[in-house]
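Visitor: I'd like to learn how to read a sheet. Where do we begin?

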Amino acid sequence: MTWLHLVRDGGDAWVAALVAHQARGGEHRPTVVLLYAAVPLPVPPGVRVLTLRSDAEARGGPPTHEAVDADGLVRLIEDHDRVAVW
């Protein structure tokens with residue numbers, strides 16, 4: 001099962017713990033998208049972390065992770081079994 005985590009605020013340790021738990025178990029394949037001013041989550045290697053390109057541009061700098069545009073975000077939502085917004 002694939003999980004897409006849309007993170008608006010990366011300060012919640014339990015979100016990072018959930019993503020790490022999903023990644024360790026192997027049954028779930030989490031992907032994280034950082035929205036707005038979300039700070040990167042401490043996730044294990046192998047977890048795909050992206051940022052919304054328009055948010056990175058609004059912050060005045062280049063994306064710190066793989067960037068996705070609005071259409072790409074819609075495709076990610078469609079392609080994942082479960083979506084959680086934090």
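Guide: Strands here are DSSP E runs of at least two residues, helices are H or I runs of at least four, and both are numbered from the N terminus. Two strands count as paired if DSSP finds at least two bridges between them. The model is predicted: local features need pLDDT of at least 70, side-chain atom pairs count only at pLDDT 80 or more, and totals for chains, interfaces and linings use all residues. Residues are numbered from 1 along each chain as its sequence is written, and side-chain values use heavy atoms, without hydrogens and water.

Visitor: Which residue in β2 is the bridge partner of L6?

Guide: V33 is the partner of L6. V7 stands opposite L34. On the β3 side, V33 stands opposite L50.

Visitor: How many bridges join β2 and strand β3?

Guide: Four, again in the parallel sense; β3 spans residues 48-52. In general, strands of a sheet pair through backbone hydrogen bonds, parallel or antiparallel.

Visitor: What is the order of the five strands in the sheet?

Guide: β4-β3-β2-β1-β5, an open sheet with parallel pairing. The edge strands, β4 (66-68) and β5 (82-85), each pair on one side only. The twist averages 30 degrees from one strand to the next.

Visitor: Why is strand β2 largely enclosed?

Guide: Five of the six residues in β2 (residues 29-34) are buried, so the rest of the structure largely encloses this strand. Buried means under 20% relative accessible area, exposed over 50%, and partly exposed in between, using a 1.4 Å probe and protein chains only.

Terms used: Axes fitted to C-alpha atoms, helices over the stretch in contact; angles between N-to-C directions.
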